[in-house]
Amino acid sequence: MSHPERVADRRTLLALPGVPLVFVASSLVRLSYATLVLSLLLTVQTATGSYAVAGTALGAYGVTGFAMPLKSRFLDRRGARRVLPWMSVGFAVAVLSLTRTSSPVLCCAAAVAAGVAAPPVGPTVRAAWARLTPRPPARQRAYALDAVVESALFAVGPVVASATAVTLGPAGALAVTAGTHVLGSMLMSRSPLLTRVAAPAATTARPSRTRNLLGPLTRPGYAVLLLFTFGTGLANDPLEVAVVARGQEGSAVTAGLLLAVLSISAAVSGLTWGHVVGRWFPLRRAADWTVLAVLATVTALAAVVAALGSGSVLLVVALIVVGSAGAPLAVVTYTAADRLGGQDGGSEATSWVNAATNLGASLGTAGAGLLVESGGSADAFRAAAVVAGVAGAGAWVRRARERRRGV
């Protein structure tokens, strides 16, 4: 721990004192988030007999993602080791209360309470990786590993939730979700690593009230990065909806296999990016916007191919390209957020990225559903291409501005 600059690869990172516990514990918490969606949906639908109420409750839970930056700031200031257990218990109590009511109002209220209490584990763990890997090459590898693990858990989560619901019933699946969350959070809180990482750094300067309120949003270029992240989130979820719709329209490959193509290509590219780029081609700040612009543009072009292609082979190739761009896009975005957010940003620097992505994803999913209903999957692919293209164009403009400034 005394020589974080020596972190040379993922194996070395995971072997550092305290890291294995945090890695395993945070994976349990993330798995609970991944299983929550389906467990909550099935539990509320069974209790109320209404998919509309279940969908509303799930939406109410999703809206609370806006609170993530504030929760991250709270953890940064109070220390994750001290706060995590209380937030976890509050989350579990709110989740378990969903198994004890059939009132639509109470179901939605409990879902909101669960979302508000849910600890921001992802940003907290990324703050740990940032402190352990002060040099860009090692940090890119750490973020790549983090992105791959998170993607894998959210891919496995619905399968686990479905199997648990079949075995124990929907309410039992929700109880398992709550228990997994508490176990992971309590294990995380036992690690002294989080005490060293999440505690706020001492400073002699007294920040203004506006700076305290807005945090890293006051730093130059950070808000632009959030707009870009919102745009990529707005584009990527319509792609997933379009993939499912294309599979249901009679493609030679099923929707499940198409989604698997996306997940597998993202995992492979994430690991490759962290190893190859992080080790041999470390990115500097000036290169961030170049890479983001290229990846967003590639995503837009692949979406165009998916919209125009009528054959399964062409569609699979397009999805491989989309998936391959996804993980590096997340890695570089988190790295840029760290740089732009400053050393005092802590976990809040990347939590704003999560919030912007989730907002874009929520709006994109709703819009893609409407497009599929009215014009089929091709319209959703086209819309994703347009949004990704706009995000890419914005990134190219930002890149040109920074080059003129000599950044």
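In helix α4 (residues 68-78), the buried residues are M68, P69, K71, S72, R73, L75 and D76. Buried means under 20% relative accessible area, exposed over 50%, and partly exposed in between, with a 1.4 Å probe and protein chains only. Helices (H or I, at least four residues) and strands (E, at least two) are DSSP runs, numbered from the N terminus. G79 follows α4 and has a positive phi, near 95 degrees.

The model is predicted: local features need pLDDT of at least 70, side-chain atom pairs count only at pLDDT 80 or more, and totals for chains, interfaces and linings use all residues. Residues are numbered from 1 along each chain as its sequence is written, and side-chain values use heavy atoms, with hydrogens and water left out.

The chain contains 16 helices and zero strands. Of its 407 residues, 49% are buried. Contact means heavy atoms within 4.5 Å. Among contacts between residues at least 6 apart in sequence, 82% join residues at least 24 apart. The accessible surface comes to about 18000 Å², and carbon and sulfur atoms account for 67% of it. Accessible areas come from the Shrake-Rupley method with a 1.4 Å probe; for residues, only the protein chains shown count as cover.

The largest nonpolar core has 71 residues. L40, V44, F91, W129, M188, Y222 and F228 have the most contacts inside this core. A second, separate core of 18 residues includes A242, L258, L262 and A302. A nonpolar core is a set of buried Ala, Val, Leu, Ile, Met, Phe, Trp, Tyr and Cys residues joined through side-chain atoms within 4.5 Å.

L84 lies in helix α5 (residues 80-97). L84 is buried, at 1% relative accessible area. Beyond its neighbours within four places in sequence, L84 contacts L75, P119, S185, M188, S189 and L194. L84 and V182 are 98 residues apart in sequence, yet their C-alpha atoms are 9.4 Å apart in space.

S265 belongs to helix α12 (residues 255-280). S265 is also buried, with a relative accessible area of 8%. Residues up to four places away in sequence aside, S265 touches L319, I320, G323 and S324.

Five salt bridges are present in the structure. A salt bridge is a side-chain nitrogen of Lys or Arg within 4 Å of a carboxyl oxygen of Asp or Glu. One of them joins D146 and R30, at 3.0 Å from N to O. D146 sits in helix α8 (residues 136-189) and R30 in helix α2 (residues 19-48), 116 residues apart. D146 is buried, at 4% relative accessibility. R30 is buried too, at 3%.

R126 also pairs with D146, the closest N and O atoms being 3.3 Å apart. This pair links helix α7 (residues 121-132) to helix α8 across 20 residues of sequence. R126 is buried, at 1% relative accessibility. A further salt bridge joins R126 and E150 (3.8 Å, N to O). R126 lies in α7 and E150 in α8, so this pair ties together parts 24 residues apart in sequence. R30, R126, D146 and E150 are linked in a network of salt bridges.

Helices α13 (285-308) and α14 (312-341) each give two or more residues to the patch. α14 gives the most, with three residues. W396 is found in helix α16 (residues 377-405). At 34% relative accessibility, W396 is partly exposed.
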